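Hi,

Here is the structure I promised to pass on. Have a look at it first, then read my notes below.

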Amino acid sequence: MNDTLIARIDPQDCTRLHWRDDDGRARSDSLAAFAAALAGRECVLLVDAARVTLLTLELPVADLRTARQAAPFAAEERLAQPLDELHFALAARGEGRYALAALERAWREALGEALRDAGLEPRLVLPEACGLPRTQDGWTIALEGDTALLRTAAGEAFKTDLAGLAGLLPLLRQQLPDTTRVVVLANGEPEAWPRAALQGLEVVWRAPLSPAEQLATLADEADLRLFETASMSAQRARAARLWRAAAAVAALTVLAWPALLAWQHSALEREERAQSAANEALFRATFPDVTRLVNPRVQADQALAALRGGSTATPRLLDLLARIEAVRQNEFPEDTRVTLASFAGGLLELGVEVAGMDAVEALR
């Protein structure tokens with residue numbers, strides 16, 4: 001039994017996979033069926049070359065972060081879709097060379113949703129062509145039925161049928177004149193093999209890669225992953241932690257809410273008692289004649305009304321002058337006279353002259 005299963009995602013339906021069982025039998029089924037077939041093992045998923053474009057670029061930058069920003073614009077003319085509709089993965093290949101994988105963003109999001117629904121967490125999600133080893137100064141071609149997947153020495157990939165391959169090879173030979181060798185991975189030469197298009201090149205036929213060989217090749221291309229599977233697991237773990245925290249808060253609220261209400265009620269009762277005691281003390285200090293309290297507010301209003309009723313009116317000027325005149329005639333010291341009188345707001349201010357300081361106390 002293989003420790004890791006390799007499956008290719010159906011280019012038309014991202015909820016279906018194509019893989020081979022441990023006995024080598026080809027299978028095509030849903031993500032859920034594949035998850036069951038894993039039986040706890042790891043998996044690597046490959047995105048069909050019909051869905052992902054694999055290119056090579058030369059950029060005058062050495063910083064991978066800067067290269068990620070510049071690469072989509074450098075490859076724009078070679079891509080069939082607008083840049084804002086694509087997701088990009090970039091890997092450095094040294095000396096200013098980079099491998100670029102472009103995948104439709106909407107299809108990638110649909111795949112991510114399907115993987116989450118099926119509970120699948122693949123170790124790697126890579127372009128299908130990353131499973132082909134690169135041949136120095138040449139090409140690698142994998143044949144499966146009537147389909148051919150070709151990868152150049154630089155890492156670019158093309159997928160077509162055998163009839164299309166016959167037209168593609170001459171174009172590649174014009175663009176890559178240094179090509180000298182072609183490695184073909186197949187169980188035998190098909191009848192429609194374009195032998196004439198490879199005239200003059202060394203063609204080496206080899207058996208298809210075993211799962212172990214393919215996994216080793218894919219491990220070397222891991223930096224071109226189309227999903228950050230570690231971040232997917234981290235997001236799921238974070239969501240689980242948030243859910244547990246929310247559940248704990250809800251449980252705590254249900255259990256603690258009655259106790260909180262009881263504590264608040266007790267605090268309000270204590271505050272009410274303290275306020276009542278302070279009000280009573282203030283009432284007794286203000287109205288000492290009231291000895292029995294029944295309703296402090298009503299009793300305070302009654303006491304204030306009584307005080308207002310018993311207060312005298314503002315004295316009149318003539319009444320005050322009459323009183324001053326009576327005092328002056330009978331009790332002013334000798335040689336004392338009034339020099340100033342001023343009345344305002346019910347108050348009378350007097351200016352008085354006396355004969356000497358000894359008469360001031362008598363005048364007071």
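Let's start with V184, which sits in strand 12 (residues 181-185). Strands (E, at least two residues) and helices (H or I, at least four) are DSSP runs, numbered from the N terminus. Before you go further: this is a predicted model, where local features need pLDDT of at least 70 and side-chain atom pairs count only at pLDDT 80 or more, while totals for chains, interfaces and linings use all residues. Residues are numbered from 1 along each chain as its sequence is written, and side-chain values use heavy atoms, with hydrogens and water left out.

Is V184 buried or exposed? V184 counts as buried because its relative accessibility is 0% (buried is under 20% relative accessible area, exposed over 50%, partly exposed in between, with a 1.4 Å probe and protein chains only). Leaving aside residues up to four places away in sequence, V184 touches I141, L143, W193, V203, V204, W205 and R206 (contact means heavy atoms within 4.5 Å).

Strand 10 (residues 147-152) runs antiparallel to strand 11, with five bridges, and L150 stands opposite F158 in strand 11.

Cheers

Technical notes
Two strands pair if DSSP finds at least two bridges between them.
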